[in-house]
Amino acid sequence: MNIIETLANEFNVKTHQIENTVKLLDDGNTIPFIARYRKEATGSLDDQILRAISDRLDYLRSLDEQKEKVIASITQQGAMTDEIAAAIDSAKTLTEIDDIYRPYRPKRKTRASVAKAKGLEPLANDILKQSSDFDPLSAAENYINEEVSSAKEALDGACDIIAEIISDDANVRRQLRYMLRAHGVLTVKGNAQDLGVYEKYAEHSEPVSKIANHRILAVNRGEKENILKVSIELDNSIGMSVLTGLYVNGANASSDLVLAAAQDSYSRLVYPAVEREIRNDLTDRACEESIKVFAKNTAQLLMQPPVPGRVTIGLDPGYRTGCKVAVVDETGKVLDTAVIYCAPPHSKIEEAKKIIKDLVRKYGVKMFAIGNGTASHETEVFAADVIRELDCGITYMVVSEAGASVYSASKLAAEEFPQYDVSLRSAVSIARRLQDPLAELVKIDPKSIGVGQYQHDMPQKELNHALDAVVEDCVNSVGVDLNTASPSLLKRVAGISSAVAENIVKYREENGAFTSRKQLLKVPKLGPKAFEQCAGFLRIPGGENVLDNTAVHPESYETAENLLKLCGVSKSDIACGNISLLTETVKKRSVKELAKDLSTGEPTLADIISEISKPGRDPREELPKPMLRTDVMSMEDLKPGMELKGTVRNVIDFGAFIDVGVHQDGLVHISQISDNYIKHPSEVLKVGQIVTVWVLSVDTAKKRISLTMKKPY
């Protein structure tokens with residue numbers, strides 16, 4: 001296989017783009033570095049396409065390796081033919097290779113292998129010819145010996161061999177797979193008295209070709225919990241037509257035996273195996289799509305705009321143990337902590353108000369971040385009352401605390417806050433999530449941040465790979481302040497390992513703040529290759545060189561400085577935002593012309609111009625700000641037809657959950673998202689988006705809110 005040409009065709013890009021990308025990957029370059037700083041080589045392929053190419057490259061290489069192994073094994077057995085070699089060469093998937101190799105793969109003891117050991121294979125081959133002048137019963141008598149007691153036993157053994165031959169036939173399996181995909185029906189039945197959340201699947205069936213991904217995952221989970229029984233059903237005559245069409249030839253005694261062997265092969269060997277394959281394929285498809293949605297949601301959550309520059313109180317609600325309070329400054333540093341009892345059973349409201357008001361006045365608090373867990377609603381009501389009484393412009397936001405408890409109990413949190421107990425660490429995390437979601441959420445396993453479905457049913461290796469890639473891309477697209485970043489954040493920067501991240505922080509503590517990117521080369525274990533990969537993603541606000549606070553890579557500093565000289569702009573002008581001469585020059589002369597004069601690529605120069613126009617730019621600032629509130633509602637306040645503003649919290653296959661300012665998120669079903677047909681809610685909605693919704697119904701007993709985005713007439 002010509003892997004380069006295959007990838008170029010599959011991704012509809014030029015051959016040289018693939019060649020350069022593969023070389024860059026093989027040379028140990030990271031995806032963020034390639035996407036950002038090697039645009040001339042890749043033709044400006046973005047990080048998502050580069051990751052897809054990288055994954056596909058791995059698959060195709062493993063396919064080639066498997067082909068070589070299979071060829072070697074079949075050749076060693078003396079069974080290689082031109083036909084088999086051609087089939088292996090043209091195979092496009094590992095499944096095809098597996099089908100070709102199946103007859104030659106060493107098997108455990110089977111009925112067919114036992115029959116072969118008794119010397120019955122020649123009889124099976126004679127029967128398969130289905131000659132009209134061949135008498136199988138008479139022929140079988142010639143095989144009676146110490147191991148074969150009768151002609152019937154000989155015929156039974158021969159039929160076992162024929163059944164396995166049919167089962168091993170790649171063509172049989174290929175055609176039967178097609179039949180199951182086209183005509184199979186997934187059938188689900190209850191396997192327990194109390195079906196609970198699986199009640200809707202008590203008697204359920206739908207075509208394999210139409211089943212939705214979230215239903216595949218739901219019935220899989222029900223089957224795993226032994227609550228549901230799941231199977232794929234196919235009309236027997238349709239399935240058997242594949243085997244009879246390929247193997248039954250004529251109408252004689254031999255043909256009758258082949259038909260019987262085919263029926264046995266179908267029910268005992270082929271159908272169960274292909275059914276498992278189709279179930280696995282359905283699961284793989286559902287998992288792949290769910291991982292994509294999970295990854296997209298995670299990226300959108302991580303890229304939520306920060307709310308910086310405000311002293312914030314984090315409130316981690318609780319009933320019996322009280323509400324934990326943490327005050328953090330504009331940079332996330334903890335200033336103070338407390339515990340208040342603003343909810344039952346203690347309800348020390350006035351005392352709690354005094355504590356919060358004193359903290360607000362003492363530290364100049366501008367914002368409350370309230371966790372959305374137990375006692376969240378009571379805490380929100382309390383906070384809204386405090387805000388009204390203070391009347392000093394404070395706002396609040398209810399923050400998802402998914403994963404906060406995981407982080408708080410982690411070794412990382414213990415190292416960061418050894419002086420605080422677990423619950424106070426949660427309050428700090430909640431406050432910081434509002435100030436800078438990305439910097440805080442990178443400390444938490446992405447699977448725990450609450451923006452997916454069935455994540456614990458996913459293949460964990462693939463899920464972790466996808467989510468780690470998302471975190472890496474988000475961190476590197478935003479950039480990291482070298483002098484304030486935690487080890488958790490630094491280790492997500494391209495080219496930086498956990499050990500190097502720790503070394504950076506240690507160097508910072510021992511030598512003071514970094515004033516130049518060049519100092520990174522003094523950090524233990526951070527060599528030239530790591531520096532090349534990471535330097536452009538690390539920022540130094542107020543450093544010696546204003547370019548160190550941009551995404552301009554050090555390798556391009558000379559080009560950037562020549563551009564400034566050409567435009568008559570100094571570095572101090574950039575620091576002050578005085579870039580009018582740069583803007584005018586770029587307008588007068590095209591980027592293409594300037595790139596030629598400066599002997600650099602157009603994409604690189606365009607990026608340099610963009611970066612020095614806005615040093616320290618945070619791409620998240622261009623997104624809509626999160627919705628801060630000053631008052632609170634409850635489910636009882638909601639009425640059908642009521643118009644509300646809400647924030648998208650999670651996008652899933654069948655809809656989206658919207659935070660409308662009450663304790664319970666409401667569901668907008670996919671059918672209520674748009675007047676136009678959409679295949680998936682993510683076509684319209686994304687996590688963090690502010691939307692207008694209308695209440696369809698409220699079930700306070702079941703804590704369910706149904707919403708619509710279709711304006712009522």
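Modeller: Let's start with helix H5, whose buried residues are Leu50, Arg51, Ile53, Ser54, Leu57, Leu60, Leu63, Asp64, Lys67, Val70, Ser73 and Ile74. Buried here means under 20% relative accessible area, exposed means over 50%, and partly exposed is in between, all with a 1.4 Å probe and protein chains only. An α-helix has 3.6 residues a turn, so residues three or four places apart point the same way.

Before going on, a word on the ground rules. This is a predicted model, so local features need pLDDT of at least 70 and side-chain atom pairs count only at pLDDT 80 or more, while totals for chains, interfaces and linings use all residues. Residues are numbered from 1 along each chain as its sequence is written, and side-chain values use heavy atoms, with hydrogens and water left out.

Back to H5, which covers residues 47–76. Helices (H or I, at least four residues) and strands (E, at least two) are DSSP runs, numbered from the N terminus. H5 has 30 residues and reaches 43 Å from its first C-alpha to its last, close to the 44 Å expected at 1.5 Å a residue; that expected span is 1.5 Å times one less than the number of residues. At its start, a side-chain oxygen of Asp46 comes within 3.1 Å of the backbone nitrogen of Gln48. That is a polar contact: a pair of N or O atoms within 3.5 Å where, within protein, one must be able to donate a hydrogen and the other to accept it, and where residues adjacent in sequence count only if both atoms are side-chain atoms. Just past the other end, Gly78 takes a positive phi of about 75°.

H5 also reaches out by charge. Arg56 meets Glu10 in a salt bridge (2.7 Å, N to O), and this pair links distant parts of the chain, with Glu10 in helix H1 (residues 3–11) and Arg56 in H5, 46 residues apart. A salt bridge is a side-chain nitrogen of Lys or Arg within 4 Å of a carboxyl oxygen of Asp or Glu. Both partners are partly exposed, Glu10 at 40% relative accessible area and Arg56 at 24%.

That bridge belongs to a set of 47 in the structure. Another joins Arg38 and Glu532 (3.6 Å, N to O). Arg38 sits in the loop between helix H3 (31–37) and helix H4 (39–42) and Glu532 in helix H25 (residues 528–534), so the pair ties together parts 494 residues apart in sequence. For a local case, take Asp358 and Lys354, whose closest N and O atoms are 2.9 Å apart; both lie in helix H16 (residues 349–363), four residues apart, about one turn of the helix. There is a network too, linking Asp98, Asp99, Arg102, Arg105, Arg173, Arg177 and Glu277.

H12 (residues 170–183) has 14 residues and spans 20 Å, close to the 20 Å expected. The N-terminal end of H12 is capped by Asp169, with a side-chain oxygen 2.8 Å from the backbone nitrogen of Asn171.

Now for buried charges without a partner. Arg425, in helix H20 (residues 422–435), is buried yet has no salt bridge, and the nearest side chain of opposite charge, Asp421, is 6.7 Å away. For that count, Lys and Arg are positive and Asp and Glu negative, with His and the chain ends not counted. A polar atom of the Arg425 side chain does lie 2.9 Å from the backbone oxygen of Ser408. Lys324, in strand S5 (residues 323–328), is likewise buried with no salt bridge, Asp316 being the nearest opposite charge at 6.2 Å, and its side chain reaches the backbone oxygen of Gly322 at 3.2 Å.

To place all this, the chain holds 30 helices and 15 strands, and its C-alpha atoms fill a box of roughly 105 × 70 × 55 Å along the principal axes. Of its 713 residues, 49% count as buried.
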